Amino acid sequence: MAKLKKVYLGIIILFLYAPILVLIAQSFNASRYRGQWTGFTLQWYEKLFTSEDIIEAFLNTLTIGLTAAFFATLLGLVTALAIRNFSKKSQLVIRGLANVPLLNADIVTGIALMLLFLGFGLRLGYDTILMAHIVINLPYAMLCILPQVMGLDRVCYEAALDLGATPFQAFRKVILPELRPGIAAAFLLSFAMSADDFIVTYFTKGAGIDTLTTAIYAQLKLGIHPEMYALSTLFFLGVIVFVALLMVNWRLLKGRQGKEWEEE
């Protein structure tokens, strides 16, 4: 049974990562066609860094994703802290309302936001994409932070105030450290949702601006350029390095805390 479990797990992992491995292999394929291998090359990486359209779409994706994740996490934190002070009945109502956008179809959200922006006389472009991404990420960020906010012990905060700390100092040194894992999860999830979004971006982007998702969609009519394979490979490797650094730093932080507790 143990061997069967390992085989089953290996098949699942292979099924999940085989498409990515094929993508990485195609980024080094000298042929522009996916069905044949004509040799190893780095020309698609060279063309990637000289393609203004792809670089611009990548920068748009990166800046919109980071900015939307920051504001969605900030607003989600403030909202979660506010919900904690409401009655249980009000909390249930607000949680239910927060779940509605998660269950709503993306195409409905995209069209609704487009009509809203046009109704206010806004020109579709970078700003409208950013606002739309903040809106769609806010419920995810709030729901990531809310469980930890509800589990906070107010006694520690009040003890910090009694010891002479200002409300801001007590919040920064007592509350924020407790919420740090939830805040980090909210930020990373919001960035991933923003970078991966296509439907809402498509309806709110207007002409003259693209993110990676809309740029890839525009290329489907003529065939995806191999430069996109190279960009996707670099993006995937960057995510792996980032996650590895987070895990190493987390272990180092845990080790330091453990030594401090032993010394005390």
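**Entry 1: the cavity**

I began with the lining of the largest cavity, which consists of Asn60, Thr61, Ile64, Gly65, His133, Ser194, Ala195, Asp197, Thr211, Leu212 and Thr213. H3, H8 and H10 are the elements that each give two or more residues to this lining. H3 has the largest share, 4 residues. By class I noted 3 nonpolar, 7 polar and 1 charged residues in the lining of the largest cavity. About 40 Å³ of space lies in the largest cavity, and a search of the whole structure returns 1 cavity of 30 Å³ or more.

The model is predicted, with pLDDT of at least 70 needed for local features and 80 or more for side-chain atom pairs, while totals for chains, interfaces and linings use all residues. Residues are numbered from 1 along each chain as its sequence is written, and side-chain values use heavy atoms, with hydrogens and water left out.

For the terms, I recorded that on a 1 Å grid over the protein atoms alone a cavity is a set of points where a 1.4 Å probe fits but cannot get out, a pocket is an open set with protein on both sides within 12 Å along at least five of seven lines, and lining residues have an atom within 4 Å of a point. Points are joined across faces, edges and corners, and a volume is the space filled by probe spheres set on them. Ala, Val, Leu, Ile, Met, Phe, Trp, Tyr, Cys and Pro count as nonpolar, Asp, Glu, Lys and Arg as charged, and the others, Gly among them, as polar.

**Entry 2: the pocket**

I next looked up the largest pocket, which holds about 1100 Å³ of space. Its lining has 30 residues, and Phe191, Ala195, Phe235, Phe236 and Val239 lie nearest the centre. At least two lining residues come from each of H1 (2–26), H3 (52–84), H8 (167–196), H10 (212–219) and H11 (226–263); helices are DSSP runs of H or I with at least four residues, numbered from the N terminus. H11 gives the most, 11 residues. The lining of the largest pocket divides into 25 nonpolar, 4 polar and 1 charged residues.

**Entry 3: H3 against H8**

I found H3 and H8 packed at about 140°, their axes 8 Å apart; axes are lines fitted to C-alpha atoms over the stretch in contact, and angles run from 0 to 180 degrees between N-to-C directions. H3 and H8 are therefore oblique to each other (under 35 degrees is roughly parallel, over 145 roughly antiparallel, 65 to 115 roughly perpendicular, the rest oblique). The contact (heavy atoms within 4.5 Å) includes Thr61, Ile64 and Gly65 of H3 and Ser194 and Ala195 of H8. Its classes are 17 nonpolar, 5 polar and no charged residues.

I then turned to H6 (residues 126–150), which packs with H8 at about 155°, with axes 8 Å apart. H6 and H8 are therefore roughly antiparallel. Among the residues that meet are His133 and Tyr140 in H6, and Ile183 and Ser194 in H8. This contact has 12 nonpolar, 6 polar and 1 charged residues.

The axes of H3 and H6 come within 6 Å and cross at roughly 40°, and the two helices are therefore oblique. The residues of their contact divide into 20 nonpolar, 8 polar and 1 charged.
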